[in-house]
Structures are given as structure tokens and as C-alpha cells.
Amino acid sequence: MEEKRLGTSREQFRWTAFIVSFILLWSRASAQIRYSIAEEVKEGTAVGNIAKDLGLEKSTLKERGCRIAEGSAESFFHVNQNDGILYLDRIIDREKVCERSNVCLINLKTVLENPLEIHYVTVEVLDVNDHSPTFSTKESRLEISESVLPGLRLQLQAAHDPDVGQFSVQEYKLSPNDHFRLEVKDRGKDAKIPILVLLKTLDRETKNRHTLLLTAIDGGRPSQSGTTEIAVDVLDINDNMPVFDQDTYSVLLEENAPIGTTIIQVNASDIDEGSNGEVIYSLGNNVNNRIREMFRVDANTGEIIVQDLIDFELEESYEIDIQASDKGAAPLRTDKSVLVNIVDLNDNTPDIEITSFSRAIPEDARIGTTVALINVLDKDSGVNGKVICSFNEDGPFILSPSTQDNMYSIVTKSRLDREKQSIYDVTIVAKDAGVPSLSSKKSITIVVSDVNDNRPEFSGSPYTYYVTENNSPGASVFSVRASDRDEGDNSRILYHMFRDGKEKNKLHSFSLNINSENGDILALKSFDFETLKTFQFQVVATDSGTPSLSSNVTVNVFILDQNDNAPVILYPVSSNGSAEGVEEIPRNVNAGHLVTKVRAYDADIGYNGWLLFSLQELTDHSLFGLDRYTGQIRTLRSFTETDEAQHKLVILVKDNGNVSLSATATVVVKIVEPKEAFAASDVKSAAMDEEENNVTFYLMITLGSVSTLFLISIIVLIAMQCSKSTDYTSKYLQEPNYDGTLCHSIQYRSGEKRYMLVGPRMSIGSTIAPGSHANTLMLPDRRTAGEVR
């Protein structure tokens, strides 16, 4: 039994602790700061220290833009951002601000930003006794028949005091007399009503008029008062008062009822006869001016009629005093109250108020970032005043309701990307729950600000350029271009060449320079095809964002050959600036005998290196002939006794460039007798063998160097083209169909055509391409239809 009680006690303790914790947390979450200030105090009065009460650092108030939100209340107050104190801006007249409300509260919204916070502050305006009770008239007149029995109760005009609570009218006093006493009826919000009670029957013959002084006193310290004079005229007998057919009258009236609408009809009867029994109706003496403006009563029928706009939001109910009077010489009056309850209609659209708004939000903002705070108000009550907010279209934002009624925050629900959309026009729709429902819209523009989240992108990758040798130093030879989808400094691009210090990059680092602003690449010196045929380097594009982003691209450069090298005579060997050789042949040789062969070399490639031989000078054209492609000199016929013993041949060696370059060689042919030729040939053969060996050695070195460079170029080109497409060959292919003297042959492509620079042997089926100066062959295109061009 003891253990059961102990377990029960522990369980009760846990529940008690949970409830206390919940209450403390709830009170802390929903707590508001509340201050009070008396009305009529001078402007500049300190109301309270918001910074201290909210636990805010004074140094951050100005940085966070501490302020009273516009539209939250009339501008009676402001927050000093230096000390965090709430000050009064202008004198408050409580009676104007709150009219007859017992508690006068002004609700303020204190806004702080970075991060965004809203705190609710309530200022209660305390009443001071600054008004005296007043009566609408300084004197009033009553008529009482002498036949009226004691106990007659007559409602007197009440005094009006704009103050509330204890400072309003608290009591009435009647001047001393023998026939009347005063009672006070408490009508709640309509204050206290004085009632004159007859103590004993009046005698008109003794006294026909009684003058009374009614005094209204408020509850101030010291109190203030107001007076009115009441004149009671004693009339001759009319001893029955009108009587209403109902004890109470109550009616429902919808707001916005048309003017002229009959609310209710009251009915009173008087059992007297004649004029003493005829009843007329009027509004009671205590009906205020506002009710008189809104309603009227038909004097003959007793119908209460609307004569002004009825608005539930201004007043929810009215109590109208109706007075029924007979037409007797001394009219008798009866008062009755009619309670009119106003029925609310959904006649107010929601009002959307943007209390705080960040017009620009960075595109890298985290999900859940607050963009704006929205306050929605609906003057209707009940269901008609319940409002639901939404967006009229989908987007990266959602409306998040706040713990405070009708407060929403616009927050991000997904990642933003300025490059996809930089501006959002968001339309907020506020819709109440009334029937029929009313709605309103408000549009705001949210700008997405840029962050540096895009790298520069080159227009091509890789770049391939062809540059003719002997270009002008310092001139732009080609350019690279990059773009950045960001904006502003984040999209401003600077270019530089990547230099890693490796040996292969030293050449282009020395030969090239790049314009950092526009990507134009300048050649600092002329290129020489015979020295360098191709090279590669990288360009880096960097934007100006923080932190900056960059990307790089590879640039492949191919040097194109020009005819800038003249032919070099290898044999006969040059001496003293001229190439001249002596050949001795026997007189008895037959036609077609090989006399000698002129050998030459041209450092240019392709068509520029194709050499042709021709005889410039010859003593006897019938004796010797020159093969224009091989440079071989042969006899055309047998020698005769009459032929001269010595002949001079001048051979011109010319390349096939657009501007042809040439060299000359001189060969002297001596004709000797066979015996002399045989003896001389032994001596000469040794010398010629040595000479031939030297010439052959130099020729092999030259051919080996040129072939090596050419093969390297071909391999690079083939590798690059294979990386793009395997369906066709490189722009430069080795052509083995020519066996002339040191003549080169290459294929290349221009647009949709393929060309081949050739030597003396041409490929079968080739044609000369127009505009190629008769030195370029156009090859049939054997690619498939899907081949990349």
C-alpha cells in the first residue's frame, strides 16, 4: 500500500512538473512588453526602455535598424536607436484615441533586421480627470399631473463625461425638496441614468412649478461636477400612462441595411379617452446624437427606421430608448429600450501589409531564408475575419504562418539561380473564410543578386590556328574568347598564358603575348617554318569575382610554309660564291651518255621546295640535254671530229613558289680522246669518289633533318585529327608519289575541298584546282556523308 501511494505521488509530481514547464515556455514564447503612460503628458516623455526589456545590446540597435513598424499604430511613439528608449512623439488625447473604451491599448510592432525580428509592445494610455460632467441642456422641463400617485419614476437626462472608469460620472445629487427624491440606475457602458421618483402627490393649487437642481459628480480627486436645472410643471389630471405591449424589445439587423429599412415596430396603448389616450412616439431624451443620426422613429406608427449606414465594425449593438406619450393636456410618457444587435456580413476585403521586405536576396541564400514579413488584417469578425494567404503561382518561395495571428513570412523553399531567373514577381493572395469569400492581392518584386558561381567558358576547346611564317612581329595573329554567365565584376574576364616553367613552353612564352582584356594573342617575333612547325600552349581565363574562378583551354598552332628559301647547289660544289664543275668525257661515247647530275636542295616544304632545272647557256644545243626534274645532263648524239673540245653549260635551278627563287650552276664539259679519258679517269675517279662521298654525306644529313621534322609534324597532325574523327586523314599527309630531287608533297583541307601540293608525278584522277596557281591538286572526297568537316 505504501509503495502504491509512493508511485502515485511520483506520477503526480511528474505531471505537475511537465505542466509548470509547459506554462513557463508558453508564457515566454507569447510574452509581450507592456508599458503605461498617462494621457496629456508632454511630447518627448520616456515610456520605457525597450532595449533593456528585450535584452538587446544598445550598440547594435542602429546597425539592426530598430524602429516602430509603419502602419502598426498611429505615429505616437518612436525608438531612439542610441539608447533603446521608447519616447512619446505627440500628446495623446485618450478620449479621441479610444473613445469610451475602459482600457485604452496601443499595440506597436518593434522591428529589428539582420536577423529579422519582431517584438510586440503594448502601451496602455491611462485616463486622467481632464473633463467635467456636462448636460446637453442647462435646463429641462417636466410636466406631472396632480393626480399622479407617489412612486412615479421619471428618467432624467444623464450627464456626459468623456473620461472613463472612476473619472466618469459616479453619482448624482438633487437639491433638497419635499416632493422628489433621486435614484441612479447603472446602465453599464451607457453609464449611470438619474431617475426622479415622486415621493408624495402634487397639489397644483398649492404650487404649480417645482424647480430642482440636478448635479452630476465624477470620481476624480478632486472631483469635478456639472449641473442642470429641472422645472417640474404640475398639470391637471391625466391619470393613465401609455403602456407598451412587450416588456422587452430585441431585434437582429444586418449591417449595410438599406436606408429606409424598418427595423421593428413598437406599440403602446393608453386606456384614457380622447387626446389623453392618443399615443405618439419619439426617441428618448438620453439617445445620443450618433443614434439620432442613424435611426428615426415614426411618431404615429412606432416604426424604427434606418437612416444611415450600419457598420458592424464600428458598433456591434445599439440600445435605443423609445418614448411613448399621450396627447393629454398634461402628457404622460413611458420609456422602453429596444436592443438592436448588428449581424456581421463579409463586407471587408483583407488588407495585406508588407512590414519588412528585403528587395534583393543573394542566389546562394540557404533554404528557409526570410525574404519579407506580411501582416494581413480583416475588419470583419468571426469566420469572416479569418484569412488564409497563398501565392497565385508556383515558385521557389513559400508563405510560412507566424505564431502571431495573420502574420506570415515569405521564405525560400529551394535553391535560387540568378542565371536561370533573376527577378520574381510574386503575387500574394489573401482570402477570407466568409460566404461569399472576399480576397485581395498584392504583388512584390524579389530580385536575386549575383554571386560568383560560374566559371568562364571558352567559345572553343581546343583552339586550332594556322599561322603563315614570316609574320609581322607585334601583330595580333589570333584570339581566344571566353564568356561568363555571371554579371558585373563576376563576369569581367582577364586572360593570361599558363606558364609552368617546362622546357617545351619556353618557346611560346618567349614568342607570344596575350592581351589580358580581350584575349588577342600577339606574336613577338616572326615564325620560321623551317625551325618550328607546330607548338601548343594553354590560356587561362579568370573572372574578377571574390573568390575568382578560372578555366583554361589548349591552343594548337601550326606554322604554314612560305617560299623564303632559295635553292642551294650541292653539286657542283660551290666555291668563291659560284657553283662550277669540270667534267671530261671520251669523244667516242654514244647518245644518252650520262655526263653528270646537278644536285640541289631547297629548305622549303611542298610546292615551294619543288625544284626544276633548265639550261640557260649552252654552246651547242645538239650535243647535250638536261632532264628538268632530275638535273641529269646526257649526250644527245655521238661526237664528231668537227665538234669543239670544250663546252660550257649554265644550269638554272628554280623552285615553284609564287615568287620563284633560283640558283645557277656552271658545268664545263671537256671532250678528250679515249686514251686520255681512261688515264684521266683513274686520277679523277679517286677525287670524284671522295667528292661524291662528301656530297652524299651532306645530302643525307640534310634529308634526315628535313624528314625528321616533317614526320614529327605529320604525327602531331594525325594525332589531333584522330582525336576529332577517325573517318578521314589529317590536313597534312605524306605523299610518296614523287621521286624528284628533294621535292616535298603534302595534302591539306580548305573548307569542303581536299588539296595536295605535288612534285612532278601527279596522282591519277587528280585535277588542278582553280586559283591554285597550277601547283595544287584537288583530290576526290572519299568521306562518308556523316563525316565531320
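I took a strand to be a DSSP run of E of at least two residues and a helix to be a run of H or I of at least four residues, both numbered from the N terminus. I count two strands as paired if DSSP finds at least two bridges between them.

**Entry: the model.** The model is predicted, so I kept to its limits: local features need pLDDT of at least 70, side-chain atom pairs count only at pLDDT 80 or more, and totals for chains, interfaces and linings use all residues. Residues are numbered from 1 along each chain as its sequence is written, and side-chain values use heavy atoms, with hydrogens and water left out.

Entry: I looked up an open sheet of four strands and noted their order as 33-40-39-36, with mixed pairing. Strand 33 (463-468) and strand 36 (493-497) each have a single partner strand and stand at the edges, so one side of each lacks a neighbour in the sheet. From one strand to the next, the twist averages 30° (axes are lines fitted to C-alpha atoms, and angles run from 0 to 180 degrees between N-to-C directions). I then followed strand 33 to strand 40 (residues 550-560): the two pair in the parallel sense over six bridges. Val467 stands opposite Ile559 in strand 40.

**Entry: salt bridges.** I used this rule: a side-chain nitrogen of Lys or Arg within 4 Å of a carboxyl oxygen of Asp or Glu. By this rule I have 19 salt bridges. For accessibility, I call a residue buried under 20% relative accessible area, exposed over 50%, and partly exposed in between (1.4 Å probe, protein chains only).

**Entry: Glu117 and Arg64.** Their side chains meet in a salt bridge at 3.0 Å, N to O. Glu117 lies in strand 7 (residues 117-126) and Arg64 in the loop between helix 2 (50-54) and strand 3 (67-68), so the pair ties together parts 53 residues apart in sequence. Glu117 is partly exposed at 26% relative accessibility, whereas Arg64 is buried at 13%.

**Entry: Glu293 and Arg290.** I found this salt bridge at 3.4 Å, N to O. The two residues are three apart in helix 4 (residues 289-294), which means about one helical turn separates them. Glu293 is partly exposed at 45%, and Arg290 is partly exposed at 36%.

**Entry: Arg418 and Asp450.** Their salt bridge is 3.0 Å, N to O. Arg418 is in the loop between strand 29 (407-412) and strand 30 (423-432), and Asp450 is in the loop between strand 31 (439-449) and strand 32 (457-458), 32 residues apart. Both Arg418 and Asp450 are buried.

**Entry: a network.** I noted that salt bridges link Arg141, Glu143, Arg209 and Asp233 in a network.
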